[in-house]
Amino acid sequence: MHHCSIIKKSVFTTGFAVLTFLGTAVFTSCGETPDEEVPTQVAEEQPAETPPTVLIQAEDFSTVSEGVSKVNQDDQSYANVAAAPAWLTFNVDVPEAGRYKIEINASAEGEVSAWIEDYVDNKDDRTYNITGKIPLTSTTNDFTVQHKDGSPLNAGQHQMKLHVEGGAAQIDWIKLTLLKKHQKTPQLLTQKTDGENWEIVWADEFDEDGSPNMDKWTYDIGDWGWGNNELQYYTENASKNARQENGHLIIEAHKNDGPHEWSSARLTTRGKTSFLYGRIEIKAKVPAQRGNWAAGWTLGDEYVDELSWPYCGEIDILETVGYEMDDATGDGKAHASIHCGAYYFKLGNQPTANTPVKNMEKEFHVYAIDWTPEGITASVDGETYFEYNDTSTELAWPYSKPQNLILNLAMGGGWGGAEGMDENMTSQKYVIDYVRVYEKK
Ligand SMILES: [Ca+2]
């Protein structure tokens, strides 16, 4: 394989309301001159928006493992992977921070799949899997486009690696298309923690029937695996997956939902409100069956893509997995944890605790943290069972910076699916009565 400039062309939205360039950028091979269609002016009532796109052709792979070669045939060039496991690296200049659709045009026979690693050879020696498993096998044995949605990418230069597993494959191109721009959070609420009584400063009581309140929440979307090989596609504005009903927020996962193995929803306050300190309460009922993973948690507002984590900090207020719950009684366990640069899974030392909870499925319980400049405690129904107070360094204590709230119901994945999926399970429901943030007065 030869090595040449990797990014062929990026198509950018002009962002102007009056005139928009409408045209197709032509992606060229190495050494050729770009040839573009003449931009066409369109009327202002038709603001055509072309999201930023990057195309990586087979000839752009910079280094490859043994057994990978370039083939030119019938006016088509592709990378031929003779046997797996194999890998191909490529460089990408990501035009804008956000969540991307990643498409692969490939052909393969049998159980062949691929996944993409971001930040190859990064200095923290981690493996950033930003797509999960992408099946490459097509029924027609022709080149077919497969995709994963929602990969979080920061703007700038990335070295990525396509891993092929399971057998031989032909890779034509990889395309990245911006689905959703990274949103900065405009409002920061800093809570006082040194008064007498906790008083509410922010809440969602989920009172109105219908859609979640988009003044408070946004959707995280996609099926990139969320760093855990999770099975669900997180949808946007789909009432079957997220709706308010009888004073509750319902997050409901559905099996075999269209092209997806599972659908579900994940709501975040990112882009709306971030929080620093205070008491945060989530009153909820969690689903019982084996394979689910319900969560109410926070993620640092500095999170942009996987390289941000765990340095941005994470506080898990409520985590439950179905396989720890008794389907008949609903008795299970609540988990609280923190993840930061000094303590997380790779180091095998993240502070975590769990406590038994009676009938978590049919009865509401209040899962809470108290977060002050001195430390974090977690409780269920007022009983504290977790405490963390290492404020010694920034790696141990990123919690002097704002965090966003997240509510989601994952299916499968490294933890939820650790003991498999209940085959009788067709849907799972996570019911939240309220989320409240308090400060001391
Ligand atoms: Ca309520």
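My entries below start with a tyrosine in a loop and then move to a strand.

**Entry 1: Y399**

I reminded myself that this is a predicted model. Where does Y399 lie? I found Y399 in the loop between β31 (383-388) and β32 (403-411).

Next I asked myself why Y399 is called buried. I got 23 other C-beta atoms within 10 Å of Y399, and the cut-off for buried is 20 or more, so Y399 counts as buried.

Then I looked up what Y399 touches. Leaving out residues up to four places away in sequence, I noted G313, W371 and I376. I also checked Y399 against C312: the two are 87 residues apart along the chain, yet their C-alpha atoms are separated by 8.4 Å.

**Entry 2: strand β24**

On to β24, which spans residues 278-285. How many of its residues are buried? I counted 8 of 8, so to speak a mostly covered strand.

I sorted the side chains by direction. G278, I280, I282 and A284 point one way from β24, while R279, E281, K283 and K285 point the other way. Both sets are buried.

**Entry 3: partners of β24**

Which strands does β24 pair with? I wrote down strand β29 (residues 365-372), which runs antiparallel to β24 and is joined to it by 7 bridges. Within that pairing, K283 stands opposite V366.

I also wrote down strand β33 (residues 427-440), again antiparallel to β24, over 7 bridges. There, E281 has R436 as its bridge partner.

Technical notes: Residues are numbered from 1 along each chain as its sequence is written. This is a predicted model: local features need pLDDT of at least 70, side-chain atom pairs count only at pLDDT 80 or more; totals for chains, interfaces and linings use all residues. Helices (H or I, at least four residues) and strands (E, at least two) are DSSP runs, numbered from the N terminus. A residue is buried if 20 or more other C-beta atoms lie within 10 Å of its own, exposed if 12 or fewer, and partly exposed in between; C-beta atoms are placed from the backbone. Two residues are in contact if their C-beta atoms, placed from the backbone, lie within 7 Å. Two strands pair if DSSP finds at least two bridges between them.
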